[in-house]
Amino acid sequence: MKLIGFTEEAIKGQGEDSGLSLMNGNAAAIAVFDGCGGSGSRTYPEFNNESGAKISSFTCSCALQDWFEHPDNGIREFGFQGVPHARIAQSLKQALDEFLRARGEKVVSSSGLKGKLYIDFPTTMATALLEKGASSTRCILIWAGDSRIYYFSNKGLRLLTSDDTEGGMDETTMNPDGTMSQVIALDSRYTLHSAEFILREPCIIFSATDGVFSYYPSPMDFETMLLETLFASSSADEWISLLSSSIGKVASDDYSLQMACVGYSSFGSLVKSFSDYRRLFKSKVALPLSRCREADDREGIISIWNRYRSRYFELLRRV
C-alpha cells in the first residue's frame with residue numbers, strides 16, 4: 001500500500017486546508033480537512049490572529065494523528081480489531097472534540113462576535129482508514145461536510161460519500177453543490193458519518209477537499225484529468241506533481257488530496273491495469289463529451305452524463 005498526497009494554498013500563508021497520510025502496522029489513514037472560511041472567519045488573538053477555520057483544520061488533523069498512533073488504542077498491534085465502523089467513528093469524534101475543547105479553553109469570550117454568522121472552529125473532514133488483511137483490505141470511511149472520498153479503479157471513478165448539504169446529493173446535476181448543513185465544530189453538535197467496504201481488487205482510495213473536484217464542469221471532466229495525468233507519469237511522485245499542478249490551473253481555493261494505492265505491485269502495474277479502461281473511457285465518455293460541447297449539444301451532454309452517473313454513484317447507494 002502506497003500513500004501519496006498534497007495540500008496547496010490559494011494564497012500563500014493563508015491556507016485553511018490540511019491533509020495527512022499515516023501508516024501504523026498493517027493499518028493506514030488518509031484524511032483531508034477544509035476549514036470553513038466563511039463561518040470560521042473570526043480570528044483569535046490567542047492563536048496569533050489565525051482564523052477559526054485554519055485552527056480547526058489543523059487541530060483536527062493533529063487529533064486524528066494522535067488517535068491513530070496512540071498506544072492505548074492498539075492500532076499498531078491489533079489493527080481495528082473488528083470494531084464496527086460506527087463505534088470507530090464515535091471514538092474518533094471523542095478525540096476531535098477533546099482537541100477542539102483544549103483550543104476553546106484558551107479563547108477569551110468575545111460576545112460581539114457571537115451569533116449565527118460565526119461558528120467556533122468549523123472544518124470538514126474526509127477520512128479513510130485501511131487495514132490490510134491476507135487477501136483483502138478493510139476500508140472504513142468517516143466524514144462530515146463536503147469533502148469527499150472516492151474509489152478509482154480500472155472500472156472507473158466512483159463517489160463513496162455524500163455531501164452534508166441542504167437538500168442532500170442531487171444525482172440529476174453533474175456537479176452537486178449547496179450550503180453545508182453541518183461541519184465539525186467546537187460545540188460538538190455534529191455527526192460523523194461512517195461506512196465501510198471490503199476491497200478485494202487493486203484500487204485507489206482518495207480523500208479530497210472541494211477545491212480538488214468542484215472547479216471541474218462535471219465528474220466526467222475530473223476523471224478525464226485523473227486518467228490523463230496518470231498516463232503522462234512515470235512514477236507515483238510524478239503523478240502527484242501533475243495532479244497538483246493540473247488542479248491548481250482551475251482551482252481558486254485551497255486544495256488537498258490524500259491517496260492510498262492498494263494492491264498494486266508497482267506504479268507500472270497500476271498504470272497498466274488502467275490501459276483498457278482508459279481506451280473505453282475515451283471512446284464512450286471523453287471524446288463524445290468534447291464533440292457535444294463543440295456542437296453546443298446540451299441534450300447530448302445530458303445523455304452522456306446519465307449513462308456515466310449510474311456507475312459513478314453505484315457504490316454510494318450501498319452506504
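Author: Two strands pair if DSSP finds at least two bridges between them, a strand being a DSSP run (E) of at least two residues, numbered from the N terminus. The model is predicted: local features need pLDDT of at least 70 and side-chain atom pairs pLDDT 80 or more, while totals for chains, interfaces and linings use all residues. Residues are numbered from 1 along each chain as its sequence is written, and side-chain values use heavy atoms, leaving out hydrogens and water.

Reader: What is the order of the strands in the open sheet?

Author: The order of the five strands is S1-S12-S11-S8-S9, with antiparallel pairing. Strand S1 (2-8) and strand S9 (156-159) are the edge strands, as each pairs on one side only. From one strand to the next, the twist averages 20°, where axes are lines fitted to C-alpha atoms and angles run from 0 to 180 degrees between N-to-C directions.

Reader: How do you know that S8 and strand S11 pair?

Author: Five bridges join S8 to S11 (residues 203-208); the definition asks for at least two, so the two strands pair. Phe-152 has Ile-204 in S11 as its bridge partner.

Reader: Why is Arg-148 called buried?

Author: Arg-148 lies in S8 (residues 148-153). Its relative accessible area is 1%, so Arg-148 is buried, the term meaning under 20% (1.4 Å probe, protein chains only).

Reader: What makes a polar contact of the side chains of Arg-148 and Asp-163?

Author: A polar contact is a pair of N or O atoms within 3.5 Å; within protein, one must be able to donate a hydrogen and the other to accept it, and residues adjacent in sequence count only if both atoms are side-chain atoms. The side chains of Arg-148 and Asp-163 make such a contact at 2.8 Å, and those of Arg-148 and Tyr-150 make one at 3.2 Å.

Note on methods
Helices (H or I, at least four residues) and strands (E, at least two) are DSSP runs, numbered from the N terminus. Buried means under 20% relative accessible area, exposed over 50%, partly exposed in between (1.4 Å probe, protein chains only).
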